[in-house]
There are 2 protein chains.
Amino acid sequence: MGLIVQKFGGTSVGTTERIQAVADKVKASREDGDDVVVVVSAMSGETNRLLELAEAVHADPPARELDVLLSTGEQVTIALLTMALEQIGCPARCYTGAQVRILTDSSFSRARILDIDAEVLRDDLQEGRVVVVAGFQGVDEEGALTTLGRGGSDTTAVALAAALEADECQIYTDVDGVYTTDPRVVPEARRLDSITVDEMLELSSLGSKVLQIRAVEFAGKYRVPLRVLSSFEPGPGTLITYEDNEMEEPLISGIAFNRDEAKVAVIGVPDTPGIAADLLGSVAGANIEVDMIIQNIGQQGLTDFTFTVHKRDYETTLDLVQRKAEELGARQVVGDDKIVKISLVGVGMRSHAGVANTMFKALSDEGINIQMISTSEIKISVVVDDKYLELGVRALHKAFELENVTPVAELEGLSES
Amino acid sequence: MGLIVQKFGGTSVGTTERIQAVADKVKASREDGDDVVVVVSAMSGETNRLLELAEAVHADPPARELDVLLSTGEQVTIALLTMALEQIGCPARCYTGAQVRILTDSSFSRARILDIDAEVLRDDLQEGRVVVVAGFQGVDEEGALTTLGRGGSDTTAVALAAALEADECQIYTDVDGVYTTDPRVVPEARRLDSITVDEMLELSSLGSKVLQIRAVEFAGKYRVPLRVLSSFEPGPGTLITYEDNEMEEPLISGIAFNRDEAKVAVIGVPDTPGIAADLLGSVAGANIEVDMIIQNIGQQGLTDFTFTVHKRDYETTLDLVQRKAEELGARQVVGDDKIVKISLVGVGMRSHAGVANTMFKALSDEGINIQMISTSEIKISVVVDDKYLELGVRALHKAFELENVTPVAELEGLSES
């Protein structure tokens, strides 16, 4: 008899029929002998409906009141799910974030969880009840309602699992696990039985939308056993692990890509200390987030400096940088928003220097020119022309044989060059 | 500089446009120099929408979860109204019932307010903010969300006004005050500038739907100056008073009527002690509420016993009483659900014995037969055939000259007979 935290997102509770299906699933887990805490999001569409109401009365709805408004979304779901559970003879009780209580800081609309007092839930569990908790929301020290931002229900689930020392935190979504890459791009993409938390972090931040990145960070910090699985189809999903057993790690876990970035390059800028800070300072000052940053070795006292931003910030960034570049006496500023970033992710690559070479060769064999390269311990990212997205991802998926479950040993040959 | 509590019901906040209109009205009060606390209901239609969701997942939705569900309705409104106020430069802050906190008992769906800790609101008022509070809801000692039942927002407003010792509690509705009778029946019906709380109680309980009866009781208990006025039209509305200055009281304040009752008569029942308890016991046991009760003086050891119930309980009551009447050896049981109750209400009638006679004569002049009569200190009710409703109410309205503002002195002649 263990304790499981199950989280169901907006699509999984999008209609009263789906809420009833979730109730059946929760009841089945309960009957398997586990205590169950359920975390739910707002019914899909509800948050947008509420946002439209807000925008009808305020041009730029204040975050404090927006949190009061949006937190009703999950409150509706917890009440309905609890009713559905009681209807099928499964005793249950529901709690808002404030009732639990999930203490957060006062950063309305993007609050961070500071503490959870889950003792009240233990009493319910001991009395044989399923506990249903509103995701995405909390309360600050002064009693004001807060929300954790979109996707925050994942964080609520992980934080509750940590506080209750749950045996597993199950995140039910509309996909049945984490894949080696997007199956819409590569039909042979394979569901991973497990993935390390570091890999998951790289995959999440690179645009795989399965899990919210803060939830994964949280899970890593408290080593909460986390499983991603489907609300709609049976199956074991993907387990996120913390053990770093290198011998059993596959070389590469997956391939992520991101179509949302644009590139800005400053060419021929005097190579003096502080150049990067100067160039990026104006961009950061406009609250624009920068992703990849590359500076090449300078020649003749000049250097080239390239970075990527979100496409929506492209024009603004180009303007800002052009002005700054003139000041600095740079030769030229060029930009390109027709790019895509493709990333190989895998803890296994740390000890296999040849991975990069295999990657570059696979792309070159398809005639794909690499515009930028950036690497970390467990990731290699390249920027290429966006027309090469599908071709590039497929070539890499094949080169690293991700369609097969392949032990590391067989892939050793790849690291030669 | 005073403190006003203003309550706006579901129709008054039924759309975002109406919420903006309420914000304008609140801001104007604020600019008149008063501190303002606003209590709002759920947007009209919202409660029904939520109830439908509940009924889709549970055949008989449990009250505890229903309160969690329904209390989201007002939470949406407080957030939107606060945003609308801030948009027009009127600083505001909103609170749920739990946040205030409005402590209630644990009778989910019909909780009673036990205590209000309004201190947190005083800080906001002192800092120049309008305070927006969710009506209809509270929290019990264990932190569970409760609701006060439909119309409970009036009670919230009055209770807050009492706790804050407000100078006036203004209930904004879709009518512009309390009328001498229903203007749809008597076009000459006149808005009353003021009415005593006792009269208001009689009018409320008799079916005038302007104010929730519990709110009026509450106002009476704490002597909260209460005013009913229109959300949509300007005007002073009707003030509910507590002073009992008989010389200035009009004889009759208004005429109420109720089409929802049915009559059951037990004829020729042995006139022994305990007969009433015996007959009514079986009805009360089925949780049926009895309104008027009349027992005539018996002849030849027999008596007639008549009472009224809500129309929806008519068939059940008739069954129960027929069985009991047989046991008691009564001669006959007759029922009639084609009746209407018409009531004259006025604190002035206490000292004017002729009122009843004037009433009976006015009805008789129109050929209206009176089936039952019941009187209290400030009320005379008669039951007549329901086809006489309009005729009867109009005749009485005219007989007591309710279309004019008439000092008591001029009406003295009426009490002759």
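Does B:Asn287 count as buried or exposed, and at what relative accessibility? B:Asn287 counts as exposed, at 74% relative accessibility; exposed means over 50% relative accessible area, buried under 20%, and partly exposed in between, with a 1.4 Å probe and protein chains only. This is a predicted model, in which local features need pLDDT of at least 70 and side-chain atom pairs count only at pLDDT 80 or more, while totals for chains, interfaces and linings use all residues. Residues are numbered from 1 along each chain as its sequence is written, chains are lettered from A and ligands numbered from 1 in the order in which they are written, and side-chain values use heavy atoms, without hydrogens and water.

**Chain A overall**
- Chain A has 13 helices and 20 strands (DSSP runs numbered from the N terminus: H or I of at least four residues for helices, E of at least two for strands).
- The radius of gyration of chain A is 24 Å, close to the 22 Å of the globule rule for 417 residues, so chain A is as compact as a globular protein of that length. The radius is taken over C-alpha atoms, and the rule is 2.2 Å times the number of residues to the power 0.38.
- The C-alpha trace of chain A spans about 75 × 55 × 30 Å along its principal axes.
- Of the 417 residues in chain A, 56% count as buried.
- Of the contacts in chain A between residues at least 6 apart in sequence, 74% join residues at least 24 apart (contact: heavy atoms within 4.5 Å).

**Aromatic pairs**
- Over all chains, the whole structure holds 6 aromatic pairs (ring centres of Phe, Tyr or the six-membered ring of Trp within 6.5 Å; planes under 30 degrees apart are stacked, over 60 edge-to-face, the rest tilted).
- A:Phe8 and A:Tyr172 form a stacked pair, 4.5 Å centre to centre with 15 degrees between the planes. A:Phe8 lies in strand S1 (residues 3-8) and A:Tyr172 in strand S9 (residues 168-173) of chain A, so the pair ties together parts 164 residues apart in sequence.
- Both A:Phe8 and A:Tyr172 are buried.

**Backbone features**
- Most residues other than glycine have a negative phi, and most peptide bonds are trans.
- The peptide bond from A:Val100 to A:Arg101 is cis, with omega near -5 degrees; A:Arg101 lies in the loop between helix H4 (97-100) and strand S4 (102-104) of chain A.
- In chain B, the bond from B:Val100 to B:Arg101 is cis, with omega near 0 degrees.
- A:Phe136 has a positive phi, near 80 degrees, and is buried at 8% relative accessible area.
- B:Asn287 has a positive phi, near 60 degrees, and lies in the loop between helix H9 (275-285) and strand S15 (290-295) of chain B.
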